[in-house]
Amino acid sequence: MKNIALIGFMGTGKSTVSRYLKHAFGMEEIDVDERIVEAEGRPITEIFANYGEPYFRDCESQAIVKLGNCRNAVISCGGGAVIRKENVENLKKISTIVLLTAEPQTILERVKDSDERPILNGNMNVEFIEGLMAKRRRIYEEAADVIVATDGKTVEEIVKDLMEKIEE
Ligand code: S3P
């Protein structure tokens, strides 16, 4: 199977879907954020706090370039990974890009108890999520080969939908 890259806003279920695809189809699971943490030897919150977001985005681009020759893999991307065009181009070369979506309220419910997302720390409210999502919506939609909505669905339903759409 061609690699699948999962993109979308924080809390759209990329990690959950990725884990499911790994177990259901024996795909290799690659988490771009995890690759960054491994390469930098510190958590994302610390990378943002010590070096700032542009540095984190550089790490993200490098991690994506390095994906190069993976096969039968599900690549779970951080929510901002497709902001840079070069990252979209590099992901396109090696994968079908699947955008997961969710309503701001659903996202808030899923992320509100975590403090591991620097972008949301101090901004944990539906208005902020709505605003950032509106800014990113076009970027996500233009990068996507396929779009799968996740609100009110189980992971099984999301994956079924995803598989049907990538086979079309
Ligand atoms: C980010 C999303 C995060 C992580 C970083 C920045 C973003 O990943 O890459 O905190 O800018 O949307 P998740 O989407 O997996 O939470």
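Here is a short walk through the ligand site and the pocket around it.

First, some housekeeping: this is a predicted model, where local features need pLDDT of at least 70, side-chain atom pairs count only at pLDDT 80 or more, and totals for chains, interfaces and linings use all residues. Residues are numbered from 1 along each chain as its sequence is written, and side-chain values use heavy atoms, with hydrogens and water left out.

Start by selecting the ligand. Around the ligand are 13 residues, each with a heavy atom within 4 Å of it. Those that come nearest are Lys14, Arg57, Gly79, Arg117 and Arg136.

Now zoom in on the polar contacts (pairs of N or O atoms within 3.5 Å). Pick Arg57: an N or O atom of its side chain is 2.6 Å from a ligand oxygen. Move to Gly79, where a polar backbone atom is 2.8 Å from an oxygen of the ligand. Next comes Gly80, with a backbone N or O atom 3.3 Å from a ligand oxygen. On its own the ligand has 390 Å² of accessible area, and the protein covers 93% of that (Shrake-Rupley method, 1.4 Å probe).

Which pocket holds the ligand? It's the largest pocket, meaning that more than half of the ligand's atoms lie within 2 Å of the pocket's grid points. Show Met10, Lys14, Ser15, Asp33 and Arg117 to find the lining residues closest to the pocket's centre, out of 36 in the lining. Finally, colour helix H1 (14-25): H1 gives the most to this lining, with four residues.

Key: A polar contact is a pair of N or O atoms within 3.5 Å; within protein, one must be able to donate a hydrogen and the other to accept it, and residues adjacent in sequence count only if both atoms are side-chain atoms. On a 1 Å grid over the protein atoms alone, a cavity is a set of points where a 1.4 Å probe fits but cannot get out, and a pocket is an open set with protein on both sides within 12 Å along at least five of seven lines; lining residues have an atom within 4 Å of a point. Helices (H or I, at least four residues) and strands (E, at least two) are DSSP runs, numbered from the N terminus.
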